[in-house]
Amino acid sequence: MRAQRTATGKGPLLTSSRPCGKDGTARRDGGDSSSGAKSPGTSRTRETAGPLTRRQRRSLTGTGRSVRLWPGVTIARMSSPLSRMSRFLTAAAVVAAALVLSPAAPASAAADPVTHGGIVSADPADFTPHVQDGDVHAIVRIGDRIVVGGNFTAVRLPGGTDVPRGNAFAFDADTGALDTSFTPAVDGEVSVLVPSADGESVYLGGRFVNVNGVRSKSLARLRLADGRRVPGFTVPALDGVIKDMKLASGRLYIGGVFNNVASATANRTGLAALDPDTGALGAFLNVKLTGTHQPGDVNIGVWKMDVSPDGARMVLIGNFDQADGLKREQFAVLDLSGGTAAVADVYTPRYEPGCSSSFDTYMRDVAFAPDGSYYVVVTTGAYSAGTLCDTAARFETDASGTAVQPTWVNYTGGDTLTAVAISGPVVYLGGHQRWLNNPFCADRACQGAVERSGIAAVDPANGMTFGWNPGKDRGVAVYDLTVTPDGLWVGSDTEQFAGETHRRLAFLPLAGGGPLPAYVPGELPGEVYTAGAGTDPADRLRRRTFDGSTAGTPDELTTTGLDWRTARGAFMLGGTLYHGSADGELYRRTFDGTTAGAPTKIDTADRLVRMSDWHTRLASVRGMFYADGRIYYTAGTSALYYRYFNPESDTVGAQEWQAAGDLPGLAWSGVAGMFAHDGKLYSVDEATGRLRRTDFVDGVPVGGTTVQVDAGDWRGRAVFLNAGRTAPDPIAYRAGAGYNANTLRATVTVPSEVEAGDGMLLFGTVNSTAVTVTPPAGWTQVGTATTGGATSTVWRREATASDAGSEVAVAVSAFAKVDLRLAAYDGTAAGSPVVESASFVDPAVTTAHRTPEVAVGAGGRWAVSYWADKSSSTTLWTAPAGVTVRSTAIGAGSGRVSTLLADSAGPVPTGTYGGLTATTDAASRGLMWTVLLGPA
């Protein structure tokens, strides 16, 4: 239902001081101090990001593997990393258009995750209320409401006057208008909000005592309609505070600083599971948390937790040392799949070292990815080399063992990160950080650092920053980042966001953001280029066909725009050539096979402090290739190196990692060019010019697999696989299904032809506006429209592997005539197939029913058109020219619903689409939709 993250609030039992940073910023739960207890200085640990699966164009699921980093340390590879950095990187999905969340989650799992098709706008919406004092700690969307919690006393609409609101309020998600009915009186901080499964109430957790004048210590369940307590929900006795909550699998999990729940004998230190309907303590979760991170501390508890979307795993972070007697310092994973919760065989010792002694725990937030394949943890704690203090770190969900290592780590250089949220293609980070990609220094920018004040977006594949950089006042913290289908909500203690006044609350809409660009590497069979060898002229370029084992005769080409003798390794992505240079710089330029465009220096990570280590190394590079978010290179030594790289922002990672040393038959100092494809690394022997092939698995070449492929001369300063601009896979109609009857529960069966990653649309029309419609579980509403006597709604969903053959149900509160039309399409954008949508209702009865127009901003998009009416006389729909009819239905009896569903059967031109008139054989008032599908 929502992807909500909340950052740590202050608990009344905390005893830590509030140090100030070097910039004079006061701190509460987080801070950055170079002083305090530190670990003895561990050596630099490798955070390795594994390669990505080919299928991730439209699905974030995959199969993980493990790789040995060094003796005794194994890391699970990325089981489902982000699609845009997969081996065959394809176009990121376009902006999702849905605005309303499903009000209920499946009983067997956590709330439905929210996945975006791109990155949100850097320009905050203007309509959001201002929170005039205090802090915003929690934000949720429930239907068309946004509910906010924190510690504040007043809010104000832009241009308005102060309105009293004590620690909780609600407003319209689209207009910002304050909800005058939901006005609970809460006498302390609301640290966390969780929507109920029925969509009609909300759980509040925090450090308050009374709600609406009645004792309700630390927990309450309130009706959205009037802010009153929900009858039948009894708050159990708590001897402490709640810092986080999650609703999953029919249980309300609470975490915080407390010892007993419900009674003095019901010991549940820091963690418990309640019945979400009654508030009764359950027996499912009774994991004993003991010990503290700081010696002598007494504040044992959970600061933050998250539950995987399938409800099977919970990650806990906070102030504890053991879980059920097992070493689990500040970090634990629970298995929730059995009859009772149990401590999982998952642990990382990376949070054992001490950071600043100012903090009971330096853990601050954790969030699962929408597909559940990984999670990200963010921390405070002060910079300490080799530790995870003041970092964001990704871990794989399927990793196991007691020495689990992060896939990647992003370092702030001593500033606190307090909140994390994941939208699918983007990991959003908030705190009072000044920089990211800053692993080498405390409280100043060093090599690789990029400025990202208070808010940032990073790539899930390697943790590198995207170019998105709205900036905000740093303050103390971003306390909450909440992903909703239409954007990202930010709750904090500051007033300036992207240079505008947004007091403590800001909304960054998905509209106005956009898809992330595609970076498509070359494929075999294909063309391999070599240039700059020996005494070749400056403009000489050789091209030959190659299928992985057999090469064609080289063509001698004359090119312009680049002296190939100065190149130091090269690779191509989607029509762009990247190459090192003898001057120690990395450049990108267009390349069409004969002509190189003007160069652009890749210097994002140089703009604060020049990356001298990188540029010195680059001048000596002999071979280079790109794979899965990394630039791999050799430089005349006995090693294959790599650095992370984000082509969207032109950011090169600050740290150099060694992928491999010399292997049998493959000495890296003798490599004169490289390229890679489909699990194989091709390298050129400098002494002979011959081409070799080596297995390349999980980002590492496999020893003993090197064989000669071709005896020709492949030597060159630049050796690369051609990767011209690649059009996205076209959309294609997959299959459909329908239902039309007088019923309480309408159902359709997903066609057996549907495959994982397909985009599905569900159109539902009911011959009443009085009944309540319960949406299908797991689907996201795109929009709804009504006439005087009918309601029409559109939902969307990206199909999973288990959808084919499954039932999709829409319930109504009283008997009504319902029509459902399901249509599935292959080749649609990941996350959300919908780019744009619009509805139109006939203003009067007519036989001519016209669809609305929508803007078509890019090529490759398909248009779906839908017509419906409620009429006792309609017996025929006639479709307009130029569309392909996918489904028609004529109901039975009086007041029946009749529908027509069609699509463009191919891409529509840019500009506008719609205004298509279908006719009926009897006059009626129609409800029409135009929906644009975006390509993968």
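In the predicted model, β67 and strand β71 (residues 917-924) pair in the antiparallel sense over two bridges. Threonine 878 has threonine 919 of β71 as its bridge partner. The pairing belongs to an open sheet of three strands, ordered β64-β71-β67 and antiparallel. Its edges are formed by β64 (846-850) and β67 (877-878), each of which pairs on one side only.

The search of the whole structure finds two disulfides. One of them joins cysteine 355 to cysteine 389, with an S to S distance of 1.7 Å. The torsion about this S-S bond is about -90 degrees, so the disulfide is left-handed. The link connects distant parts of the chain, 34 residues apart: cysteine 355 lies in the loop between β24 and β25, and cysteine 389 in the loop between β26 (374-379) and β27 (391-396). Cysteine 355 has a relative accessibility of 1% and therefore counts as buried; cysteine 389, with a relative accessible area of 2%, is buried. A disulfide also joins cysteine 441 to cysteine 446, with an S to S distance of 1.4 Å. This link is left-handed, with -65 degrees about the S-S bond, and both cysteine 441 and cysteine 446 are buried. With the bonded cysteines of the protein numbered in sequence order, the pairing reads 1-2, 3-4.

For the aromatic side chains, the count comes to 38 pairs. In one of these, the ring centres of tyrosine 351 and tyrosine 362 are 6.4 Å apart and the planes stand at 55 degrees; the pair is therefore tilted, as the angle falls between the limits of 30 and 60 degrees. Both residues lie in the loop between β24 (342-343) and β25 (363-368), so the contact ties together parts that are 11 residues apart in sequence. Tyrosine 351 and tyrosine 362 are both buried.

The rings of phenylalanine 763 and tyrosine 866 have centres 4.5 Å apart and planes at 15 degrees, so this pair is stacked. Phenylalanine 763 belongs to strand β58 (residues 759-766) and tyrosine 866 to strand β66 (residues 862-870), so parts that are 103 residues apart in sequence are tied together. Phenylalanine 763 and tyrosine 866 are buried. Elsewhere, ring pairs link Phe127, Phe152, Phe169, Phe171, Trp489 and Phe507 into a cluster.

Charged side chains also sit over aromatic faces. Arginine 251 lies over the face of phenylalanine 284, at 3.5 Å from the ring centre, and arginine 394 lies over that of tyrosine 374, at 3.6 Å from the ring centre.

Notes. Residues are numbered from 1 along each chain as its sequence is written. This is a predicted model: local features need pLDDT of at least 70, side-chain atom pairs count only at pLDDT 80 or more; totals for chains, interfaces and linings use all residues. Side-chain values use heavy atoms; hydrogens and water are left out. Rings of Phe, Tyr and Trp (its six-membered ring) pair if their centres lie within 6.5 Å; planes under 30 degrees apart count as stacked, over 60 as edge-to-face and the rest as tilted. Helices (H or I, at least four residues) and strands (E, at least two) are DSSP runs, numbered from the N terminus. Buried means under 20% relative accessible area, exposed over 50%, partly exposed in between (1.4 Å probe, protein chains only). A charge sits over a ring if NZ of Lys or CZ of Arg is within 6 Å of the ring centre and within 35 degrees of the ring normal. Two strands pair if DSSP finds at least two bridges between them. A disulfide is a pair of cysteine sulfur atoms within 2.5 Å.
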